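Let us walk through a protein model step by step. Keep the sequence and the 3D view side by side as you read.

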Amino acid sequence: MVTAVTSFGRSGLSDWLLQRDSAVILLAYFNCIGGTLLGGVDYASWKAMFELTSMRIFSLLAILSLAVHAWIGMWAVLTDYVTERMMGKKGHVLRFVFTVLCILTIFVYVVWAIQILWGY
């Protein structure tokens, strides 16, 4: 079995399972938000819903699931399409730069979302 250092779960099966589990969590979260919006919501009830600790934890779980899902997807795209064979001799440098940019972007978005979610 091949394990890549940049792979999130260290194996293809665990990456696949992580991505599927994160997709299920995101589906549940967006169904919850969508059901709330379909039922009609005003600002006061929306604010009250997100002041509940359970909703904040569910939102945090959704944020982290989105980060995991995005990282595994971007890692798969980068390893499949940004290669020396496709990009020339500097393909591995380009892949490293894109990988670092993806990691930094996902990290910044997670920190920003946590600040929004838990900030007062």
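Start with charge. The chain carries 8 positive and 6 negative charges, and their mean positions are 11 Å apart. Lys and Arg count as positive, Asp and Glu as negative, while His and the chain ends are not counted. Each charge is placed at NZ of Lys, CZ of Arg, CG of Asp or CD of Glu.

A word on the source. This is a predicted model, in which local features need pLDDT of at least 70 and side-chain atom pairs count only at pLDDT 80 or more, while totals for chains, interfaces and linings use all residues. Residues are numbered from 1 along each chain as its sequence is written, and side-chain values use heavy atoms, leaving out hydrogens and water.

Now the overall build. The chain has five helices and zero strands. Helices (H or I, at least four residues) and strands (E, at least two) are DSSP runs, numbered from the N terminus. The radius of gyration is 18 Å, well over the 14 Å that the globule rule gives for 120 residues, so the chain is more spread out than a compact globule. That radius is taken over C-alpha atoms, and the rule is 2.2 Å times the number of residues to the power 0.38. Along its principal axes, the C-alpha trace spans about 55 × 30 × 20 Å.

How much of the chain is buried? Buried residues make up 25% of the 120 residues. Buried means under 20% relative accessible area, exposed over 50%, and partly exposed in between (1.4 Å probe, protein chains only).

Next, look at helix α1, residues 12-38, where Asp-15 lies. Asp-15 is buried, with a relative accessible area of 6%. In sequence, Asp-15 and Ile-72 are 57 residues apart, but in space they are 6.8 Å apart, C-alpha to C-alpha. Phe-30 is also found in helix α1. Phe-30 is exposed, at 52% relative accessible area. Phe-30 and Leu-117 are 87 residues apart in sequence and 16 Å apart in space, C-alpha to C-alpha.

Turn to the rings. A pair of aromatic rings is described by the distance of the centres and the angle of the planes. The structure holds four aromatic pairs. One is formed by Trp-46 and Phe-50, which is tilted, with 5.0 Å centre to centre and 50° between the planes. Rings of Phe, Tyr and Trp (its six-membered ring) pair if their centres lie within 6.5 Å; planes under 30 degrees apart count as stacked, over 60 as edge-to-face and the rest as tilted. Trp-46 and Phe-50 are four residues apart in helix α2 (residues 43-51), so they are separated by about one helical turn. Trp-46 is partly exposed at 28% relative accessibility, whereas Phe-50 is buried at 18%. Elsewhere, ring pairs link Tyr-29, Phe-30 and Phe-58 into a cluster.
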